[in-house]
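I opened my notebook to look up a few things in this structure. My entries follow the order of looking.

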Amino acid sequence: MSSRFVGAVVAGLALAVAPFVSTAAAVQGGATPASTAPPSAASLQAVIAAAARSAAADPSFAAKTPDAKLEAVQASVAAALAASGASPEVIAAALIQAVASNVISAGVALKVAAAVAPGMAATVANAPAVVAQLKATGQTATVTSSTAGGSVSVLVSLSGTPGGGGDGAAPPAAYDPCAGVTADYCGT
């Protein structure tokens, strides 16, 4: 009778310990469920590209003004990044990486940063890839932020090179969200 009792105790312990052993093995092996891994700048590249393509899927996208294109792409990318649950720092890094990879334009990245990660908008604006793309396309951006009641408000002003020669008094051209970008949604 004691051998059956010992056998039952061993079997009970084996059932109780099995879940802990498999969890410990998974942790030692580095396995973590994909759903709990926080998003990274690299993993957000697909999110950004898909959101930009989604905005451009609108049949009227090609006929929109540069400002309307910028607004459509910015809204789609901002919504996708906000839904990702990524931290502002990761969002800023992802936006900078997307500009460097010509996935989105610098202006789109600045507008998205202002909407989704306002505390990081200046970081995005000062990133070498963003500054270089703006300069290469003859465009400028001004980022102004203010803090009121603990929240950050960011104003981004984008403009292109002045139109048509003369005395240089011509107003700046509208910002073109596709300038310098080779992404699918820009038609190139």
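Entry one, on terms. I call a residue buried under 20% relative accessible area, exposed over 50%, and partly exposed in between. I also keep in mind that this is a predicted model.

Entry two, on charge pairs. How many salt bridges does a search of the whole structure find? I found one. Asp58 forms a salt bridge with Lys64. Their closest N and O atoms are 3.5 Å apart. Side chains of opposite charge can pair when their charged atoms come close. I then checked accessibility. Asp58 has 32% relative accessibility, so I count Asp58 as partly exposed. Lys64 has a relative accessible area of 26%, so Lys64 is partly exposed too.

I looked at H2, residues 44-56, and H3, residues 66-84. Their axes lie 8 Å apart, and the angle is about 145°. The crossing of H2 past H3 is right-handed. Which residues meet there? From H2 I noted Leu44, Val47, Ile48, Ala51, Ala52, Ser54 and Ala55. From H3 I noted Ala72, Val73, Ser76, Val77, Ala80, Leu81 and Ser84. I sorted the residues of this contact into eleven nonpolar, three polar and no charged.

Is Ala106 buried or exposed? Its relative accessibility is 0%, so Ala106 counts as buried. I placed Ala106 in helix H5, residues 106-116. I also looked up Leu134, which is 28 residues from Ala106 in sequence. In space, the two are 6.4 Å apart, C-alpha to C-alpha.

Key:
Residues are numbered from 1 along each chain as its sequence is written. This is a predicted model: local features need pLDDT of at least 70, side-chain atom pairs count only at pLDDT 80 or more; totals for chains, interfaces and linings use all residues. Side-chain values use heavy atoms; hydrogens and water are left out. Axes are lines fitted to C-alpha atoms, for helices over the stretch in contact, and angles run from 0 to 180 degrees between N-to-C directions. Helices (H or I, at least four residues) and strands (E, at least two) are DSSP runs, numbered from the N terminus. A crossing is left-handed if the near helix is turned anticlockwise from the far one by less than a right angle, and right-handed if clockwise. Contact means heavy atoms within 4.5 Å. Ala, Val, Leu, Ile, Met, Phe, Trp, Tyr, Cys and Pro count as nonpolar, Asp, Glu, Lys and Arg as charged, and the others, Gly among them, as polar. A salt bridge is a side-chain nitrogen of Lys or Arg within 4 Å of a carboxyl oxygen of Asp or Glu. Buried means under 20% relative accessible area, exposed over 50%, partly exposed in between (1.4 Å probe, protein chains only).
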